[in-house]
Every structure is written in C-alpha cells, then in structure tokens.
Amino acid sequence: MPRKHVERVTGEDQEERDLRLGAWIGNQRSRAAALSPERVEQLSEIGMRWT
C-alpha cells in the first residue's frame, strides 16, 4: 500500500474521517521490533505483511 493512501471511514457518530492508513502501516512495519509480541500476532492474524 502506498504511504500516501487515505481511507475514508464513518465513525459510530456517523461522522466521516480520513485515516492515513498507508502511513500507519508503514509506521507499524518500521517499529515492528518495538511492538509487543501480542501486537505483532494481532496484526499478523489480520494479514499484515511485514516486508
């Protein structure tokens, strides 16, 4: 996913928000060594590709 990818989501309050998903994924990948094993497992379970 490109770092500049943005997802528009509707929250529980029915308000639309733009989330910088590409940047978030890039940050998680770069911080993988600092994440807890539980967090790495959670992200892996939902299909996170680490490379």
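This is a predicted model: local features need pLDDT of at least 70, side-chain atom pairs count only at pLDDT 80 or more; totals for chains, interfaces and linings use all residues.
Asp13 is partly exposed, with 47% relative accessible area; on this scale buried means under 20%, exposed over 50%, and partly exposed in between, using a 1.4 Å probe and protein chains only. Residues are numbered from 1 along each chain as its sequence is written, and side-chain values use heavy atoms, with hydrogens and water left out.

Asp13 forms a salt bridge with Arg17, and their closest N and O atoms are 2.9 Å apart. A salt bridge here is a side-chain nitrogen of Lys or Arg within 4 Å of a carboxyl oxygen of Asp or Glu. Side chains of opposite charge can pair when their charged atoms come close. Arg17 is partly exposed, at 37% relative accessibility.

By this rule there are 3 salt bridges. Which residues are linked in a network of salt bridges? They are Arg8, Glu16 and Asp18. The side chains of Arg8 and Glu16 meet with an N to O distance of 3.2 Å, and those of Arg8 and Asp18 with one of 2.9 Å. Arg8 lies in strand β1 (residues 7-10) and Asp18 in strand β2 (residues 16-19), so this pair ties together parts that are 10 residues apart in sequence. Arg8 is exposed, with a relative accessibility of 53%. Its two partners are partly exposed, Glu16 at 48% and Asp18 at 45%.

Gln14 is in the loop between β1 and β2. Its phi is near 65°, a positive value in a residue other than glycine. Most residues other than glycine have a negative phi, and most peptide bonds are trans. Gln14 is exposed, at 63% relative accessibility.

The chain has 2 helices and 2 strands, and along the sequence they follow the pattern β-β-α-α. Helices (H or I, at least four residues) and strands (E, at least two) are DSSP runs, numbered from the N terminus.

Helix α1 covers residues 21-30. Which residues of α1 are buried? They are Gly22, Ala23, Ile25 and Gln28. Helix α2 (37-45) is included in what covers the buried residues of α1. Gln28, in helix α1, is buried at 10% relative accessibility. Leaving out residues up to four places away in sequence, Gln28 touches Leu35, Leu43, Met48 and Trp50; a contact means heavy atoms within 4.5 Å.

Leu43, one of these contacts of Gln28, is found in helix α2. Leu43 is buried, with a relative accessible area of 4%. Beyond its neighbours within four places in sequence, Leu43 is in contact with Trp24, Gln28, Leu35, Met48 and Trp50. The C-alpha atoms of Leu43 and Ala23 are separated by 15 Å, and the two residues are 20 apart along the chain.

Rolling a probe the size of a water molecule over the atoms shows where empty space is left. On a 1 Å grid over the protein atoms alone, a pocket is an open set of points with protein on both sides within 12 Å along at least five of seven lines, whereas a cavity is a set where a 1.4 Å probe fits but cannot get out; lining residues have an atom within 4 Å of a point. The volume of the largest pocket is about 170 Å³, where a volume is the space filled by probe spheres set on the points, which are joined across faces, edges and corners. Helix α1 gives the most to this lining, with 4 residues. The lining divides into 7 nonpolar, 1 polar and 2 charged residues. Ala, Val, Leu, Ile, Met, Phe, Trp, Tyr, Cys and Pro count as nonpolar, Asp, Glu, Lys and Arg as charged, and the others, Gly among them, as polar.

What remains is the overall shape. The C-alpha trace of the chain spans about 35 × 25 × 15 Å along its principal axes. Of the 51 residues of the chain, 12% count as buried. Among contacts between residues at least 6 apart in sequence, 4% join residues at least 24 apart.
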